[in-house]
Amino acid sequence: MRLVCPQNQLAANLALVGRAVASRPTHPILANIRLDADGSNQSLGMTAFDLNLGIQVSFPAQVVEAGSITLPAKLLNDIVSRLPDEDITISVDKDNTMVSIVCGSGRYQMHGLPVEEFPELPQIGEDGETTYLPVESMLSGLASTLFATSADETKRILTGVHLTASADRLEFAATDGHRLSVLQTGFLDADEPPVTGDTVTTNLEVTIPARALRELERMLNQQTEGAIAVKFDRANMIFQSANQILISRLLDGTYPNYRQLIPSRFDRQVTLERKLFLSALERIAVLADQKNNIVKISIDSTGQEVSLSVEAPDVAAGRESLPAQISGEDVEIAFNVKYLLDGLKALPSNEIQIQMNNPTSPAVLVPIGASKMTYLLMPVQIRN
């Protein structure tokens with residue numbers, strides 16, 4: 001195997017693929033990246049797979065002699081990222097174990113492992129299906145839900161985003177048991193899928209690990225338009241763009257029926273400017289950090305005003321007030337300030353509405369005049 005490629009392209013693709021390398025590999029080969037030099041396409045393919053998440057990329061390279069090898073991911077990335085921005089020559093000896101990397105005045109050698117030991121990437125079975133999802137819709141859905149997934153591995157099904165697709169819309173949902181974020185989005189302008197083949201109109205309902213979706217988000221941010229091909233069966237999901245493939249195991253289990261958590265009617269509605277609310281909340285959050293991260297919100301329907309307050313005895317106290325359009329009776333309600341901030345940052349509109357019934361039932365934040373997003377938040381009980 002022998003090839004030549006630009007240092008900047010190799011470094012950028014190594015950084016992307018390296019995110020699927022196992023942090024604590026159960027076998028030495030899982031700490032490696034697979035390199036495949038393709039002479040017919042004059043390209044270099046790279047693959048990493050930790051048995052749950054796989055990333056595969058390919059980019060143009062001058063392939064003198066085709067071949068394959070696996071190399072230690074961290075060491076390879078550390079070397080390549082520090083080399084000058086010139087062409088790199090990678091060659092493998094006849095025994096297919098020693099790899100030479102030459103760039104400028106530098107020459108490095110490292111031991112590789114044969115590709116036969118590298119695990120095969122999951123394949124979609126014959127019962128699998130293919131569809132195309134708009135990149136813009138996917139990015140919007142991920143930005144609106146990923147932050148609300150759980151980090152608790154004992155609640156494994158909640159560590160992912162639940163994705164439902166029908167003929168005319170996508171729905172993303174994520175909950176950690178304390179808050180719920182749901183976004184419904186149409187298919188926007190994805191009339192022409194960029195990957196050749198017939199679009200399959202199918203009903204898709206899966207729960208995808210948040211870790212895989214964060215990598216997908218990075219991948220899609222390089223594309224930002226068009227559509228991405230999606231192949232899936234009961235166990236795996238494959239996202240495929242022109243030069244990149246991301247493969248993820250799906251989460252087993254039944255996702256909670258989150259729609260029944262959203263109240264059908266509300267006694268109180270508060271409409272206010274999102275940025276004003278967010279700024280005030282960020283200021284008061286400095287004090288909330290001193291006392292369990294809880295902020296109290298007072299709704300004054302007579303004065304058409306919302307007040308945020310934090311009282312940390314023997315430390316500090318603070319209060320912020322801002323105008324609002326209020327319908328319904330006065331009420332005091334408290335929330336975890338971090339959860340409230342997360343939702344406000346994700347809502348895609350200038351104005352928002354807070355809908356609620358009483359201080360112990362869920363409150364819902366929705367954008368006004370923007371995409372159909374619902375952010376449900378459980379209040380914290382106030383002890384007087």
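The count here comes to 15 salt bridges, each being a side-chain nitrogen of Lys or Arg within 4 Å of a carboxyl oxygen of Asp or Glu. Keep in mind that this is a predicted model, where local features need pLDDT of at least 70, side-chain atom pairs count only at pLDDT 80 or more, and totals for chains, interfaces and linings use all residues. Residues are numbered from 1 along each chain as its sequence is written, and side-chain values use heavy atoms, leaving out hydrogens and water.

One of these bridges links Arg-179 and Asp-342, with their closest N and O atoms 3.3 Å apart. Arg-179 sits in strand S13 (residues 179-186) and Asp-342 in helix H6 (residues 337-346), so the pair ties together parts 163 residues apart in sequence; helices (H or I, at least four residues) and strands (E, at least two) are DSSP runs, numbered from the N terminus. Arg-179 is buried at 3% relative accessible area, and Asp-342 is buried at 17%; buried means under 20%, exposed over 50% and partly exposed in between, with a 1.4 Å probe and protein chains only.

Arg-265 and Asp-267 also meet in a salt bridge (2.9 Å, N to O). Here Arg-265 is exposed, at 55%, while Asp-267 is partly exposed, at 38%.

The largest nonpolar core has 65 residues, of which Leu-10, Leu-35, Met-46 and Leu-216 touch the most other members. Such a core is a set of buried Ala, Val, Leu, Ile, Met, Phe, Trp, Tyr and Cys residues joined through side-chain atoms within 4.5 Å. Helix H4 (residues 210-220) gives the most to this core, with six residues.
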